[in-house]
Amino acid sequence: MLLESSISFTLLELTIVVTTIAILVALLLPAIQSAREMARRGSCTNNLMQLGVALRSYHETFGMLPPGCVNETGPVKQGGWFFNSADLAMREEVDADGNPVPFDPASYGYRVSWVAQILPHLGHDAVYRQVDFDRPWLSFLSDTDKQFAMQQYSKEQVTAENDAESGMIRGSNEVAIIRRGDIPRMDVLKCPSTFGGAVCDYAGCYDSQDVPIDVKNNGLLYLNSSVVLDDVADGAANTLLLGEKTSAGSEAGYLIGDASTLRNTGTSPGEKSRDLAGQQMMGVGAQATNAQARGFASHHQHGCNFLLGDGSVRYIRDQLDLKILQQLANRQDGGLVSHQSF
C-alpha cells in the first residue's frame, strides 16, 4: 500500500510538472514569435533603406529618379515572357488549322524596370553586366540557352521543324525553366518574412488609383518617368516611393516594369483579396488579363513597410484610411498629410 501510494504521488507530481511546462511554453511561444517577426520586420526596413540609398545615388548621378518602366508605348502589358507553363498556355495562339503560332517575346514590349537601372548603385555590378538591355528577356541565360530561346520564340526563326528537332513541347516545364533563366537572388530584394521562390518583394508606387501603368500616372515611378525629387509638389517626405508586395505566380522578375516591380494604392488596404498565387494582398488591382498592376501587400502582421521619397521608412498599418494612403501615393495632389496620421 505504501509503495502504491508513493508511485501515485510521483506520477501526480510528474503530471503537474509537465502541465506547468506546457503552460509556460504556450505563454512564451507567442512572445518568441513576435520577437522574431519584429527582427524580420527590422531587416525588411533595412532592405528598403538600402534601396532608398541606391535610388538617391541614381538621382544624384542623373539628376532624377529612374523610370519606373522603360517602354515605347503604354499602357504596360502585364505578364512575363513564358515565365511558367501556365502563363504560356494562357497566351498560346493557334492558326486556322489549329496549329500553335510561335509567340514573339518582344510583343510584350521592352519594359525594363527601375530595379535593373539601380543595380550598380546597389553594389551588384556583376549582375548588372549580365543584363541584356537589348533583349532583357534573354538576361541570365547561357549562350546555348539564348540561342535555343531565340530559335523557339522568334517569329522569323521558329518553325514546326525546330520544335520537332528539339523534342520540346510548347508549354512544358522544360521550356519554362529555360525561358526563366537563373535569375540571381539578392537579399536586399527579399523580405525575411516572405517564404517561397519570389525574387523581388518590393515595388515602386506608380499611382494612387487602380489604373494601368502609363506615362500620366501620379506616383514617383511610372512609365518613362523622370521625376526630380526637389520638384515633387507634395514634398518627398510625404510621398510614397517603394512598398512591400507579395508575388503572383505569373510575375516576370525584377527586370520587368510591370506588376512585378510596380504597384498602386487604388484599393483600401483593409479590403483584402487574393492574387493569382492565392496570397492575401493590400489593395489588389485587377485580374491577370487586365492592364492594371496590383496593390501593395506583405507577410507582416497588419501592415506594410513603405519607403518615402526622403529616404525614411514607415510601417503603415492596413487599417489606414484609403484617402490618406492615396494622398501619400500622389506626388502632386496638394494634400497635406500629417506624419501622425500614418
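Reader: In which sense do β5 and β7 pair, and over how many bridges?

Author: Strands count as paired if DSSP finds at least two bridges between them. Here β5 and β7 pair in the parallel sense, over 3 bridges. Gly-204, for one, has Leu-262 in β7 as its bridge partner. Bear in mind that this is a predicted model, where local features need pLDDT of at least 70, side-chain atom pairs count only at pLDDT 80 or more, and totals for chains, interfaces and linings use all residues. Residues are numbered from 1 along each chain as its sequence is written, and side-chain values use heavy atoms, with hydrogens and water left out.

Reader: What is the strand order in the open sheet of 5 strands?

Author: Strands are DSSP runs of E, at least two residues, and helices are runs of H or I, at least four, numbered from the N terminus. The order is β7-β5-β6-β10-β11, with mixed pairing. β7 (262–264) and β11 are the edge strands, each pairing on one side only.

Reader: And is α8 buried or exposed?

Author: Buried means under 20% relative accessible area, exposed over 50%, and partly exposed in between (1.4 Å probe, protein chains only). In α8 (residues 322–329), 6 of the 8 residues are buried, so the helix is largely enclosed by the rest of the structure. Among them are Ile-324, Leu-325 and Leu-328.

Reader: What covers those buried residues of α8?

Author: Take contact as heavy atoms within 4.5 Å. The cover includes β5 (202–207), β6 (240–244) and β11 (313–317).

Reader: Which residue caps the N-terminal end of α8?

Author: That's Asp-321, with a side-chain oxygen 2.9 Å from the backbone nitrogen of Lys-323.

How values were computed:
A polar contact is a pair of N or O atoms within 3.5 Å; within protein, one must be able to donate a hydrogen and the other to accept it, and residues adjacent in sequence count only if both atoms are side-chain atoms.
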